[in-house]
Amino acid sequence: MSVLDGPCLRYADEVGRQQELVLSPESPRVTLGRSPQADVPLTWDDEVSRLHAAIEWMGTHWTILDDGLSRNGTFVNGERLAGRRRLRAGDRIRIGGALLTFHEFGAGVDDVTRVSSSAVPTLRSLTETQRSVLVALCRPYKHSAAFASPASNQQIAAELYLSVDAIKTHLRALFAKFGVEDLPQNQKRVRLAELALQSGVISERDL
């Protein structure tokens, strides 16, 4: 983990080495693509377009932009990007077969961080079923998998022998308990899993 004050992008290169690109408003546009001239050159991945997407500083925050130049699209936390979107700490960006994560250290000004620090419940305040749902949600993160995504409702339902509707009901309760219910829909699950693991409510041993 690097000791940076500013945001950065992390990704694995073609041989699996972790790379880190520090983002600075002094270089307000960062290009991602298969071209060797891209700021993040994903030259080994033929599913990536030559100029695939760009990370841009908008004066107060970083955004990701894919304005249709890419052939296969850009995905943030599993959702296909249409146009521009604000990046938040922990966002996972998929471009072709490459996965990048956006990190923002000391992001105390961010609403997400403010909410999470005060809202994490204790293990005792969760029902047994809620805890089981959380464990199943976080299971893909076993062994600190850097680019994992939380389990889907279907996967959790199959593991716990419950209906998908029941899982949705339990997740809604968990979103409220962890203070993430006001986040955009596509960010709630990722943030819930992160908070559960960071707070120790769910440990590596549980997975």
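Colleague: In strand 4, which residue is the bridge partner of leucine 32?
Modeller: This is a predicted model: local features need pLDDT of at least 70 and side-chain atom pairs count only at pLDDT 80 or more, whereas totals for chains, interfaces and linings use all residues. Residues are numbered from 1 along each chain as its sequence is written, and side-chain values use heavy atoms, leaving out hydrogens and water. Helices (H or I, at least four residues) and strands (E, at least two) are DSSP runs numbered from the N terminus. In strand 4, leucine 32 has as its bridge partner valine 40.

Colleague: Which residue stands opposite leucine 32 in strand 5?
Modeller: Two strands pair if DSSP finds at least two bridges between them. Strand 3 (residues 29–33) runs parallel to strand 4, with two bridges, but antiparallel to strand 5 (residues 53–57), with four bridges. In strand 5, leucine 32 faces alanine 53.

Colleague: What is the order of the strands in the open sheet?
Modeller: Strands of a sheet pair through backbone hydrogen bonds, either parallel or antiparallel. Here the pairing is mixed, and the open sheet of five strands has the order 4-3-5-6-9.

Colleague: Which are the edge strands?
Modeller: In the open sheet of order 4-3-5-6-9, an edge strand pairs on one side only. Strand 9 also joins strand 6 (residues 62–66) in the antiparallel sense over four bridges, with isoleucine 64 opposite arginine 85. The edge strands are strand 4 (40–41) and strand 9 (83–86).

Colleague: Is the pair of tryptophan 57 and tryptophan 62 stacked, tilted or edge-to-face?
Modeller: Rings of Phe, Tyr and Trp (its six-membered ring) pair if their centres lie within 6.5 Å; planes under 30 degrees apart count as stacked, over 60 as edge-to-face and the rest as tilted. By this rule the count comes to one aromatic pair. The centres of the rings of tryptophan 57 and tryptophan 62 lie 5.2 Å apart and the planes are at 55°, so the pair is tilted.

Colleague: Is tryptophan 62 buried or exposed?
Modeller: Buried means under 20% relative accessible area, exposed over 50%, and partly exposed in between (1.4 Å probe, protein chains only). Tryptophan 57, at 26%, is partly exposed. Because its relative accessibility is 2%, tryptophan 62 counts as buried.

Colleague: How wide is the arc of the buried residues around the axis of helix 4?
Modeller: In helix 4, Ile167, Leu171, Leu174 and Phe175 are buried. They lie on the same side of helix 4, because the arc they cover, taken from the directions from the helix axis to the C-beta atoms, is only 100°.

Colleague: Which helices do the buried residues of helix 4 pack against?
Modeller: Contact means heavy atoms within 4.5 Å. The face turned away from the buried side of helix 4 carries the exposed residues Asp165 and Arg172. The buried residues pack against helix 2 (128–138), helix 3 and helix 5 (185–198).

Colleague: Is tyrosine 161 buried or exposed?
Modeller: Most residues other than glycine have a negative phi. Tyrosine 161 has a positive phi, near 55°, and lies in the loop between helix 3 (153–160) and helix 4 (164–177). Because its relative accessibility is 76%, tyrosine 161 counts as exposed.

Colleague: What is the relative accessible area of asparagine 77?
Modeller: Asparagine 77 also has a positive phi, near 50°. Asparagine 77 is found in the loop between strand 7 (74–76) and strand 8 (79–80). This residue is buried, because its relative accessible area is 16%.
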